[in-house]
Amino acid sequence: MFPELNEILSVKSELSKGVRHIHLSDVEYANTTLPIHGFSFGNADPKAPVLAIVGGIHGVESIGTWIALSFIKFLESRLSWDEGLHRQLEKIRISVVPLANPVGMKNFTRCNGNGVDLMRNAPIESLDASFLVGGHFHSPKLPWFRGNPSQTEAGMEVESKALMNHIRNETRDSSCTIVLDLHSGFGMQDQLWFPYAKSKVPFAHLAEVYSLKLALDRVLPNHVYRFEPQAKHYRTHGDLWDYLYDQADPSQVFLPLTLELGSWNWVKKNPIQLFSFLGLFNPVKPHRQKRALRRHLPLFEFLTRMMESPSLWWRHSDAERDRLRRASLDHWF
């Protein structure tokens, strides 16, 4: 075992009544079996709006797993007394997968046990992916390896398929879904990215994501996030969220977001982290780790509130939706 998985097992053992534990899959590696766990709070109706939080797709980015766990414990600690939270959870479902790549986290690697970058593993191609970092089939000894070159869903890694099937099961019939995938290792500022990763072509729900951004700016005017399309920074093959988005029912609102923590800022404040591979992706100083664990709770609470009344920010008339889309094109593209 290792600290992150031990903490997940501790959380699992102390769940309140009504919180559902989900066993996504087992991953076999080096004569050991490591589980992938999920936790679901709130309304089990398949049509309920869903907020999904995912951490640990890249095993070296452990801070995302700790943030996801801190959110689980934040919710769990309030269930015994917070009537407002219970009213929220009557309307929505919150699903959290804190560690999607347990072998990678155990081994302190970005990839899984087969050397595959799970965020380059879906059967989806980019027309202008960034060289190497955008994904490749050359060798699992190089970072950003995509895995099986057959390019079918059946040939994807166990972890990728388990996560995708879980998200599908949780959101297939939901009228509105927001996924927040937690990562680190890029930039000086915390960033919120939305599809596409494969292309600079605007995705279909640009009006809805722009409406969400406007609400975030109004509700949390001093927030720390740069809200942009991922392709503005680099483009990749095989992005799981691009793949799931393109497969989703277009009549449903499915907004996969990536929270990319600005880990270069931790390195700037503590340059000795340059001598540690983990230090490139995670805060090393205890006070900075604690700050990261509490820093994003307002964002999570904002998203929870937005899911509670989704039709107030995404169900627009055709004219208003067209206005929002044109404004978003001017702002981002």
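Trainee: Where in the chain is the place of Gln151?

Mentor: Gln151 sits in the loop between α4 (102–107) and α5 (158–171), where helices (H or I, at least four residues) and strands (E, at least two) are DSSP runs numbered from the N terminus. Bear in mind that this is a predicted model, in which local features need pLDDT of at least 70 and side-chain atom pairs count only at pLDDT 80 or more, while totals for chains, interfaces and linings use all residues. Residues are numbered from 1 along each chain as its sequence is written, and side-chain values use heavy atoms, with hydrogens and water left out.

Trainee: What about the backbone of Gln151, what is its phi?

Mentor: Gln151 has a positive phi of about 60 degrees, although this residue is not a glycine.

Trainee: And is Gln151 buried, exposed or partly exposed?

Mentor: With a relative accessibility of 23%, Gln151 counts as partly exposed, given that buried means under 20% relative accessible area, exposed over 50% and partly exposed in between (1.4 Å probe, protein chains only).

Trainee: Where does Ala30 lie, and what is its phi?

Mentor: Ala30 is in the loop between β1 (20–29) and β2 (32–42), and its phi is positive, about 50 degrees, although Ala30 is not a glycine. Its relative accessibility is 58%, so Ala30 counts as exposed.

Trainee: Switching to peptide bonds, which residues does a cis bond join?

Mentor: The cis peptide bond is between Pro195 and Tyr196, with omega at about 10 degrees, and Tyr196 is found in the loop between β6 and α6.

Trainee: What lies over the face of Tyr196?

Mentor: That is Lys198, at 4.6 Å from the ring centre; a charge sits over a ring if NZ of Lys or CZ of Arg is within 6 Å of the ring centre and within 35 degrees of the ring normal.

Trainee: How many aromatic pairs does the structure hold?

Mentor: There are 15 aromatic pairs, where rings of Phe, Tyr and Trp (its six-membered ring) pair if their centres lie within 6.5 Å, and planes under 30 degrees apart count as stacked, over 60 as edge-to-face and the rest as tilted. Take Phe203 and Tyr245, whose ring centres are 5.1 Å apart and whose planes stand at 50 degrees, so this pair is tilted. The two residues link distant parts of the chain, 42 residues apart, with Phe203 in the loop between β6 (191–194) and α6 (206–219) and Tyr245 in helix α7 (residues 240–247).

Trainee: Are Phe203 and Tyr245 buried or exposed?

Mentor: Phe203 is buried, at a relative accessible area of 1%, and Tyr245 counts as buried too, at 7% relative accessibility.

Trainee: New topic: where is Val267 found, and which residues is it in contact with?

Mentor: Val267 belongs to helix α8 (residues 264–269) and is buried, its relative accessible area being 11%. Leaving aside neighbours within four places in sequence, Val267 is in contact with Gln273, Leu274, Gly279 and Leu280, contact meaning heavy atoms within 4.5 Å.

Trainee: How far apart are Val267 and Asp128?

Mentor: In sequence Val267 and Asp128 are 139 residues apart, and in space they are 30 Å apart, C-alpha to C-alpha.
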